[in-house]
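This report describes the charged pairs and the nonpolar cores of one structure. The sequence and the model are shown first.

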Amino acid sequence: MDILRRNNVNVTGTPGKPVVMLAHGFGCDQNMWRLAVPALAGEFQVVLFDYVGSGGSDPSAWSDERYASLEGYARDVVEVCEALDLRDVAFIGHSVSAMIGVLAAAAAPDRISSLVMVGPSPCYIDDATYRGGFSSEDIEELLESLESNYLGWSAAMAPVIMGNPDRPELGDELTNSFCATDPAMARVFARTTFLSDSRDDLKSVGVPTLVLECSQDVIAPREVGAYVHAAIPGSRLVTLDATGHCPQLSAPEATTSAIRTFLRELR
């Protein structure tokens, strides 16, 4: 299998410059980063890709078993880095990709040298000492709705996830992205995403890390950002003046400015 074709890898930006890898979240693809790419391409070589089961990836590479865990998606990341022989990569992961990046950095410390987590959540389900934003009943109801009527679920949930009701075109874009995903593959990715618990993995992060949160986010509330920041030694937390769960679309200038500032300080 050609890894670059499998994951629909595209490389842009400035050759010879530091490398950033942009990773999308559930129900999305690399197009979600398109407003951020121009602001990064002058300073960095930018690597974009789609996880298997998303966007323009090769559907024949799909495996229910592999992609029923976040480790399967982390293997995609590591294999793309190996195929391009990338080193000292700044991995920029949106939503669930933030935790995939944690796993990939642990698996390939010679490849990934820093992390930027955009709207991260290591666990979506509340417990006695942790607030993830949802009860276990909430998550089961969400998954049951998704599995019984994926297109209906997408139309209802995407605008809520996106936020910014005064800009309905953003919710429409996320809806279209969700609806373009194969429902059978989306069901697996959804269970992998919303039932994962990566809290124990955070304490082992040993690379410089930026945690980017939005001022209002129904998927990753600010308590979660504070938890991630506290759990990762030496991490930096920045709260964007943005709402919703996709600031790379709703507030691309603020998002890329925070990323550039962080990465410049690492040089």
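A residue is called buried under 20% relative accessible area, exposed over 50%, and partly exposed in between, computed with a 1.4 Å probe on protein chains only. The model is predicted, so local features need pLDDT of at least 70 and side-chain atom pairs count only at pLDDT 80 or more, while totals for chains, interfaces and linings use all residues. Residues are numbered from 1 along each chain as its sequence is written, and side-chain values use heavy atoms, with hydrogens and water left out.

**Salt bridges**

A salt bridge here is a side-chain nitrogen of Lys or Arg within 4 Å of a carboxyl oxygen of Asp or Glu. The whole structure holds 21 salt bridges.

| Pair | N to O distance |
|---|---|
| Arg264 and Glu43 | 2.5 Å |
| Arg267 and Glu43 | 3.3 Å |
| Asp85 and Arg87 | 3.7 Å |

Glu43 takes part in a salt bridge with Arg264 and in another with Arg267. Helices (H or I, at least four residues) and strands (E, at least two) are DSSP runs numbered from the N terminus. Arg264 belongs to helix 12 (residues 252–266), and Glu43 to the loop between helix 2 (37–41) and strand 3 (45–48), 221 residues away. Arg267 lies in the segment after helix 12, so its pair with Glu43 ties together parts that are 224 residues apart in sequence.

The partners differ in accessibility. Glu43 is buried at 18% relative accessible area, Arg264 is partly exposed at 42%, and Arg267 is exposed at 57%. Arg87, the partner of Asp85, is partly exposed at 44%. Elsewhere, salt bridges with shared partners join Arg6, Arg66, Asp76 and Glu79 into one network.

**Nonpolar cores**

A nonpolar core is a set of buried Ala, Val, Leu, Ile, Met, Phe, Trp, Tyr and Cys residues joined through side-chain atoms within 4.5 Å. The largest one has 69 residues, and those with the most contacts inside it include Met21, Val77 and Phe178. Helix 4 (residues 96–107) supplies the largest share of this core, 8 residues. Contact means heavy atoms within 4.5 Å. Beyond its neighbours within four places in sequence, Met21 is in contact with residues including Val47, Phe49, Val77, Leu86 and Ile92. A second, separate core has 23 residues, among them Trp33, Leu40, Ala90 and Phe262.
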